[in-house]
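Here's a quick briefing to read with the model open in your viewer.

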Amino acid sequence: MQVDFGAKELTVKLVYYGPALSGKTTNLRAIHWLGTSSACGELMTLETKNDRTLFFDMLPITMDASSGLKVRIKLFTVPGQVMHDATRRLVLQAADGVAFIADSQRSETSANRESFLNLKRNLEDNGMDPQRMPIIIQFNKRDLNDVRSDEELAAIASQSREPIFRAVATRGFGVMQTLVGLIRETWTKLEEEHQLEEKFGINAVRFMHEVESNLRHQTGSGTR
Amino acid sequence: MIEDETTAGDILLGDVTRLEDVLSRDSVTKVVKSFFALFGLPVRVISDEGDLLADVHRDQPLCRYLNTLADGAAKCAATVSEVRDLEPVGDTIVHPCFTGAVYRVVPLAYQGRSMGRFIVGPYVPAEANSAPTSLTSLEGAFDPDTLRGHYDHMPRVREDIAEQLCDHLEGVLELLVFSGHRAQLASTMQVASVRENYRELAEKNEALQESYEELQQLDKLKSTFLATVSHELRTPLTSIIGYAEMLESGAAGAMSNEQTEFLQTIRGKADELLTLISSLLDLGRLEAKTLELNPEAVDARALLSGVGSTVVPAANRQNITLDIEVAEGTPKIWGDPIRLRQILLNLTDNAMKFTGNGGTVSLLAAAGEQELGGPSGLGAALFATRRPAVVLTVRDTGIGIAETELARVFDAFYQVDAGTTRAHGGAGLGLSIVRQLVDGHEGTIEVTSKVAEGTLVTVTLPAANDNDG
């Protein structure tokens with residue numbers, strides 16, 4: 001988190017992590033397409049000619065909170081391919097929260113696990129404590145065959161420390177819920193650490209209402 | 001971590017700090033020039049840092065004329081400075097000039113942050129009918145007709161059109177900022193990724209270097225251990241052999257035939273053990289580079305016949321034909337006679353061990369040449385020098401060695417077939433010691449072989465100079 005007291009401006013960095021081709025960039029595209037143009041800026045993609053993320057994608061979101069504070073939320077994706085580990089570590093620096101985009105297909109279970117371990121290792125390498133990092137998990141690609149069932153996910157969710165979301169990012173289902181969920185987790189943690197309400201008079205519950213109304217003019221299906 | 005300085009984390013957050021970092025003056029000037037050419041409206045682009053990034057305008061006759069008048073010049077300067085200092089937040093400011101013209105000051109924001117502004121004007125709104133009184137009531141002497149004439153020549157635009165034109169220019173400039181920012185991030189990330197990869201590789205290299213040094217240390221320790229243990233083993237063994245000899249010679253009373261036979265077995269096995277321990281000791285010293293060589297000129301014929309007479313009894317037992325030949329003109333060898341004998345004896349023993357009944361083992365010495373220093377092949381003429389050498393070959397008609405195994409025959413404790421240890425004896429130390437001894441003499445050793453046909457070992461050793469004796 002970066003604070004500019006003079007400009008009454010607060011910047012939060014959220015990173016979409018996950019295995020290659022799990023739909024991180026698709027999530028950002030869907031947010032850009034579903035979100036209001038007043039809040040969502042231009043989606044910047046740094047990709048190769050094969051549509052694979054090379055460095056990262058970035059989507060800036062700007063909101064004027066009722067307390068007079070300007071809140072800038074910057075969404076980043078990391079490149080999922082294994083060889084780009086150094087870039088993933090760089091993008092992860094200074095992250096305030098992480099959305100882990102998992103592929104629901106059974107065949108991708110081990111890729112999800114590998115990527116999550118990689119996230120944990122890279123957080124540690126960056127001197128960040130994975131235990132204290134706000135993380136939510138999205139099971140994407142719910143529309144494909146041979147995915148882990150809803151019952152399985154419900155069972156996982158009841159055990160999981162991280163909130164679990166389901167999504168079909170190509171159709172925009174569940175992406176906004178995931179984003180709002182991630183902002184909520186992150187804000188709760190930032191409030192604990194920095195007493196934002198005390199310093200900026202910005203109440204967490206009211207802020208989340210503002211996030212929802214600023215961000216959304218449409219809603220997809222998909223639930224927690 | 002809260003950072004009060006906005007610049008520190010800008011790259012990590014993908015932010016733009018200054019407009020001039022991402023907006024090239026050339027491209028923005030080109031865009032503004034074409035805007036001016038199309039609509040005749042002057043444009044200035046200013047960053048929040050106060051830098052003038054583009055300025056395209058033509059002095060209007062009205063402004064030129066007013067600047068010749070004291071009151072006009074003062075009012076003109078005041079207006080220009082007011083317009084320059086305007087910093088609009090969120091919305092465009094339309095600022096009037098006393099001439100009846102206006103300036104539009106449009107804020108430039110990027111990703112929710114103010115970056116700068118652009119100023120379009122002066123132009124006269126097309127809706128205005130005539131010159132305002134603020135212009136026509138200037139103090140001092142001036143020509144009202146000239147003033148009115150110049151006023152009529154000012155660029156005119158309808159306000160709603162002016163607003164659309166400004167929206168368009170704002171969109172174009174934002175796009176330029178976006179592309180500039182994208183290029184800046186790509187190059188920053190490129191450099192940062194390379195640096196990060198380098199750091200990671202350097203760390204790994206360091207770890208590898210450390211474990212390599214550790215292994216070297218262990219290797220050294222192994223050699224020292226080998227040398228020490230062999231030495232300590234040899235002392236009691238010498239006593240065992242000595243006392244066995246004394247018993248055998250009757251020093252402690254007469255021995256029965258059976259007792260003598262047992263003693264001979266003890267002696268024989270103790271001798272075998274002593275040879276093995278001596279080999280271990282040699283290997284330990286050779287690896288620790290502490291074995292001293294005392295080179296002198298050694299006659300090849302004497303060397304070969306000495307070895308031959310040692311192995312003849314064994315060759316006769318195994319029905320192996322032993323051929324020894326020293327070619328005409330073979331020079332003397334420059335080497336340690338004891339170690340040279342050890343080399344040749346070892347190779348001959350080995351050859352006999354793997355040659356069956358009725359086979360042949362040949363020892364041959366001949367004059368040769370040896371290449372010194374430098375790499376062979378490319379540029380060899382520059383590096384290599386040749387010197388006279390003696391080539392010793394040991395050929396057998398034995399079982400041979402498979403090509404895949406050839407590279408490893410010189411490894412200590414290695415035997416091509418683990419079964420051969422039982423069938424032929426030996427600990428797999430011989431060839432390893434031979435190679436190290438040959439290396440110690442600055443010689444070379446090569447093995448060629450064909451399975452079921454036999455093996456040829458070629459040792460090339462430096463020849464002694466004529467005056468070495």
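**Where the chains meet**

The contact draws 33 residues from chain A and 29 residues from chain B. Keep in mind that this is a predicted model.

**Interface of chains A and B**

- Put together, chain A and chain B bury about 2600 Å² between them, and 58% of that area is on carbon and sulfur atoms.
- How many salt bridges does the rule find across the interface of chain A and chain B? There are five.

**Aromatic pairs and a charge over a ring**

- Over all chains, the structure holds five aromatic pairs.
- One of them is Phe100(A) with Phe116(A), an edge-to-face pair with 5.1 Å centre to centre and 75° between the planes.
- Phe100(A) belongs to strand 6 (residues 97–103) of chain A and Phe116(A) to helix 3 (residues 109–125) of chain A, so this pair ties together parts that sit 16 residues apart in sequence.
- Phe116(A), at 24% relative accessibility, counts as partly exposed.
- Trp187(A) and Phe207(A) make a stacked aromatic pair, with 3.9 Å centre to centre and 25° between the planes.
- Here, Trp187(A) comes from helix 5 (residues 175–194) of chain A and Phe207(A) from helix 7 (residues 204–215) of chain A, so the pair ties together parts 20 residues apart in sequence.
- Trp187(A) and Phe207(A) are both buried.
- There's also a charge over a ring to check out: Lys13(A) lies over the face of Phe76(A), 4.7 Å from the ring centre.

**Chain B as a whole**

- Chain B has 14 helices and 13 strands.
- It runs to 469 residues, and 37% of them count as buried.
- If you take the contacts in chain B with a separation of 6 or more, 68% of them come from residues 24 or more positions apart.
- Chain B exposes about 26100 Å², with carbon and sulfur atoms supplying 54% of it.

**Leu19(B)**

- You'll find Leu19(B) in helix 1 (residues 19–22) of chain B.
- Leu19(B) is buried, with a relative accessible area of 2%.
- Which residues is Leu19(B) in contact with, leaving aside its neighbours within four places in sequence? They are Ile46(B), Ser47(B), Leu53(B), Leu108(B), Met115(B), Gly116(B) and Val177(B).

**Gln60(B)**

- Gln60(B) sits in the loop between strand 2 (52–56) and helix 3 (61–66) of chain B.
- Why does Gln60(B) count as buried? Its relative accessibility is 11%, and buried means under 20%.
- Setting aside neighbours within four places in sequence, Gln60(B) is in contact with His153(B), Met154(B) and Pro155(B).

Conventions. Residues numbered from 1 in each chain as written. Chains lettered and ligands numbered in written order. Predicted model: local features only at pLDDT ≥ 70, side-chain atom pairs only at ≥ 80, totals over all residues. Heavy atoms only, no water. Phe/Tyr/Trp six-rings, centres within 6.5 Å; stacked < 30°, edge-to-face > 60°. Helix = DSSP H or I, 4+ residues; strand = E, 2+ residues; numbered from the N terminus. Buried < 20%, exposed > 50% of the residue type's maximum accessible area, 1.4 Å probe, protein only. Lys NZ or Arg CZ within 6 Å of the ring centre and 35° of its normal. Contact = heavy atoms within 4.5 Å. Areas by Shrake-Rupley, 256 points an atom, 1.4 Å probe, with all protein chains shown as cover. Buried area = accessible area lost by both parts, 1.4 Å probe. Salt bridge = Lys/Arg side-chain N within 4 Å of Asp/Glu carboxyl O.
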